[in-house]
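Dear colleague,

I am handing over the structure we spoke about, and I would be grateful if you could look through it before reading on. My notes come after it.

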Amino acid sequence: MAGLRVRELRKSFGKNPVIEGITFEIPEGEFWILLGPSGCGKTTVLRLIAGLEEQDSGDIYIGEREVSPLSPRERDVAMVFQSYALYPHMTVYENMAFPLRMRKAERRSIDEKVRMAARLLNIETLLQRRPRELSGGQRQRVAIGRAIVREPALFLFDEPLSNLDAKLRAFMRVELKELHRKLGATILYVTHDQVEAMTLGDRIVLLNEGRIQQVGTPEELYERPSNLFVAAFIGAPRMNLLEGRLSSDPNGLFFQSGGLSIRLEDSSGWMDYSGREVTLGIRPEAILLDRGEIPCRVEHLENLGSEKIVYLRAGEERIVSKTSPDFSRKPGEVLEFGIDPKGVHLFYEGRRV
Ligand code: ATP
């Protein structure tokens, strides 16, 4: 096991720059997520680390070793793919034993490692089956087992749960977290699913268009998004983002936009941006219905059982609120809302201030 350090990594395909100077460092034993929208370069970063692609510039260290000159095999990295990539004609046992056989490990040691991994993954009773006789979730476990037996310095996961249905995905998330606790392995896990990222990651590297937008714990990304991209990407429903102007008078600081005026508590020197065009971000759960003085009208509701999503119109702005399921108003009704200052963020020229 070892940590991973990536410094100023760059990669183009032809004239198309895909990775534009990426730097981060995963301490040994931590579970990190590489998150971002489709096409932002996540898989390319994993393939560079695994040695399946060659970077144009930058360094990759696994532990103390600079691995760029090494072949994929020499890097001591195990990769688990979305597609499982199991051998259909081999049993579960043979699939898991395969990487050790390739290394000419002793039969006894192979047997011990395969059984240990099978126990860890709860697939001991499936060892004699072939992949076609397994469910999607069981196949994914075999693919993970095949990575575990190698005892690699580093695990790379590329969207390993995206072929599973929602219920199984939720279950496997818990299992993966538990597995990480038992193995204490260093993991870099690629996903475009923010729920996976928020629930699994010690830290998240959020990528967009080949550049890092923010590195931090799930809480940091949610509570202190460094820019508008992070603010909009993390959180469901999405943060309300209103464009307007700040102004101040003796009564305080106000945000004005499309017929809407919101009084703000001056936080972290927001007063300095008075007179400027800004974006105000408000988390849906910070819109407190029937508890304030900003007038609005209910346009549409979604009842998700444990919560209600309420679509509002305030002035010319559309605003989304996440509230409790006992909110009983109907579309067309007029009410007032207040704002919990904890869920309010201010952005100037795209960056959080
Ligand atoms: P997804 O979540 O959809 O898998 P991703 O974030 O993993 O996306 P990548 O697969 O890393 O994204 O691709 C990043 C960009 O690089 C895309 O625009 C893709 O088309 C391009 N790309 C990836 N591999 C190659 C290649 N071998 N040749 C040319 N372009 C490539």
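This is a predicted model: local features need pLDDT of at least 70, side-chain atom pairs count only at pLDDT 80 or more; totals for chains, interfaces and linings use all residues.

The protein chain has 353 residues, of which 48% count as buried, and its secondary structure comes to 8 helices and 20 strands. Taken along the principal axes, the C-alpha atoms fill a box of roughly 80 × 45 × 35 Å.

As background, nonpolar side chains in soluble globular proteins tend to be buried together.

Leaving aside its neighbours within four places in sequence, Met96 is in contact with Val114, Ala117, Ala118, Ile123, Leu127, Val142, Gly145, Arg146 and Val149. Met96 also takes part in the packing of helix H2 against helix H3 and in the meeting of H2 with helix H4, and the two helix pairs are described in turn.

Helix H2 (residues 92–102) and helix H3 (residues 107–120) pack at an angle of about 130°, with their axes 10 Å apart, an angle that makes H2 oblique to H3. The crossing in which H2 passes H3 is right-handed. On the H2 side the contact is made by Tyr93, Met96, Ala97, Leu100 and Arg101, and on the H3 side by Ile110, Asp111, Lys113, Val114, Arg115, Ala117 and Ala118. Sorted by class, the residues of this contact of H2 with H3 are 8 nonpolar, no polar and 4 charged.

For H2 and helix H4 (residues 136–148), the axes come within 7 Å and cross at roughly 30°, and the two helices are therefore roughly parallel to each other. The crossing of H2 and H4 is right-handed. Here Val92, Asn95, Met96 and Pro99 in H2 meet Val142, Gly145 and Arg146 in H4, and the contact has 4 nonpolar, 2 polar and 1 charged residues.

Helix H1 (residues 42–50) is mostly covered, as 7 of its 9 residues are buried, namely Lys42, Thr44, Val45, Leu46, Leu48, Ile49 and Ala50. Just after H1, Gly51 takes a positive phi of about 90°.

Gly216 has its place in strand S10 and counts as buried, at 0% relative accessibility. Not counting residues up to four places away in sequence, Gly216 touches Arg203, Ile204 and Leu221. Gly216 and Pro237 are 21 residues apart in sequence, and their C-alpha atoms are 21 Å apart in space. Thr217 lies in the loop between strand S10 (211–216) and helix H7 (218–223). Its relative accessible area is 18%, and Thr217 is buried because the cut-off is under 20%. With residues up to four places away in sequence again left out, Thr217 touches Asp202 and Arg203.

With best wishes

Notes. Residues are numbered from 1 along each chain as its sequence is written. Side-chain values use heavy atoms; hydrogens and water are left out. Axes are lines fitted to C-alpha atoms, for helices over the stretch in contact, and angles run from 0 to 180 degrees between N-to-C directions. Helices (H or I, at least four residues) and strands (E, at least two) are DSSP runs, numbered from the N terminus. Angles under 35 degrees count as roughly parallel, over 145 as roughly antiparallel, 65 to 115 as roughly perpendicular and the rest as oblique. A crossing is left-handed if the near helix is turned anticlockwise from the far one by less than a right angle, and right-handed if clockwise. Contact means heavy atoms within 4.5 Å. Ala, Val, Leu, Ile, Met, Phe, Trp, Tyr, Cys and Pro count as nonpolar, Asp, Glu, Lys and Arg as charged, and the others, Gly among them, as polar. Buried means under 20% relative accessible area, exposed over 50%, partly exposed in between (1.4 Å probe, protein chains only).
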